Amino acid sequence: MNLHDLGGADGDAAGGRAVEPGSGSVPVARTAVELAGVAKTYRRRGVETHALASVDLAIREGEFLAIVGPSGCGKSTRLRLVAGLHLASAGEVRIGGRVVDRPQTALGIVFQSPVLLDWRDALDNVLVQVELRGLDPSAYRERALELLDQVGLRDFADRYPHELSGGMRQRVAIARALIHDAPLLLMDEPFGALDALTREQMRLDLEALWLATRKTVLFITHSVDEAVLLADRVVVMTPRPGRIERVLDIGIARPRGLAARRDAAFAEATQQITDLFLARGVLHGAGRTGVSR
Ligand SMILES: Nc1ncnc2c1ncn2[C@@H]1O[C@H](COP(=O)(O)OP(=O)(O)OP(=O)(O)O)[C@@H](O)[C@H]1O
Ligand SMILES: [Mg+2]
């Protein structure tokens, strides 16, 4: 797998700006996505679920932003609000300054579960993304095959979802999110179904892809390590209804690769987030030192 070869292949709008290795900083950029007072309450059969409390958040163009928080705190809800798949109960979501009031097409999205079409093989599942946009799928066939190759599925393009493992299905979904080379990538636990080794490799490849393309990425994860290793900023959420508990700047130099786990900043950031979860009762620590509850 080598995802970083993929981005910007046809000169994407994100610009494919080169980044000095080890610079570790995000170029000063405009706001790509803005949530202003955004809240979401689901109503179902007279029952209300306050999924997301009022949230203000701006994601910069070209930024890699991770959201970490306990199950049910509204992470997927927020991603669906940004994609325009659900509408906010209060407040406003804006992409590039325009209010999101319908499903958005200028973004790639990887859902928490891969949502593949059972009657289409892997290649056609990737191509569905361009078909939905009214584009000619034959013009994207080569790129789709290249994407499948890069996510390690070169020999599986003609396999149907039931012939693929959970991790393979998720990799098809990742290829599908990249096919139209959108400048904004929304990823909801994209590596959740992968085995630990593939997950680590996909993380490395995603960082390389991001460094090569500087897409704006909103990345949701349960994994504190993954959030800190990948993101420029990590948003830590409270339990439901989700509020922003803290936003951490992660100053680890890039590319972070495997070495970042040994960086003092990695240890410090993961400890800070763990402490926040301990203080909130999201985690229950036993016998740790240096943790106040
Ligand atoms: N379509 C829906 N209708 C009603 N309630 C919903 C709907 N989608 C989510 N919820 C509720 O909203 C809350 C937040 O759900 P959400 O899926 O956003 O959480 P999450 O942080 O992504 O959790 P996880 O980490 O387990 O994926 C939950 O209590 C959930 O039951
Ligand atoms: Mg979720």
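This is a short tour of a predicted model, stop by stop.

**Before you start.** Residues count from 1 along each chain as its sequence is written, while chains are lettered from A and ligands numbered from 1 in the order in which they are written. In this predicted model, local features need pLDDT of at least 70, side-chain atom pairs count only at pLDDT 80 or more, and totals for chains, interfaces and linings use all residues. Helices (H or I, at least four residues) and strands (E, at least two) are DSSP runs, numbered from the N terminus.

**Stop 1: ligand 1.** Select ligand 1 and its shell of 14 residues, counting a residue if its C-beta atom, placed from the backbone, lies within 6 Å. The closest are Tyr42, Ala51, Ser71, Ser76 and Thr77. Strand E1 (31-44), strand E2 (47-60) and helix H1 (75-83) each give two or more residues. H1 gives the most, with three. By type, the shell holds three nonpolar, eight polar and three charged residues. Here Ala, Val, Leu, Ile, Met, Phe, Trp, Tyr, Cys and Pro count as nonpolar, Asp, Glu, Lys and Arg as charged, and the others, Gly among them, as polar.

**Stop 2: strand E7.** Select residues 184-188. Five of the five are buried, so E7 is largely enclosed by the rest of the structure. Buried means that 20 or more other C-beta atoms, placed from the backbone, lie within 10 Å of the residue's own. In a regular strand the side chains alternate between the two faces of the sheet. Leu184, Leu186 and Asp188 lie on one side of E7, and Leu185 and Met187 on the other.

Strands pair if DSSP finds at least two bridges between them. Strand E6 (residues 107-110) is parallel to E7, over four bridges. Val110 is bridged to Met187. Strand E8 (residues 216-221) is also parallel to E7, over five bridges. There, look for Leu185 opposite Val217.

**Stop 3: the core.** Show the largest nonpolar core, 84 residues. Such a core is a set of buried Ala, Val, Leu, Ile, Met, Phe, Trp, Tyr and Cys residues joined through C-beta atoms within 7 Å. Among the members that touch the most others are Leu148, Leu186 and Phe219. Helix H4 (residues 166-178) gives the most to this core, with seven residues.

**Stop 4: the E9–E10 hairpin.** Finish at strands E9 (residues 233-237) and E10 (residues 244-249), antiparallel and joined by five bridges. Six residues link them in a hairpin. Arg233 stands opposite Asp249.

Note on methods:
Buried ≥ 20, exposed ≤ 12 C-beta atoms within 10 Å, placed from the backbone.
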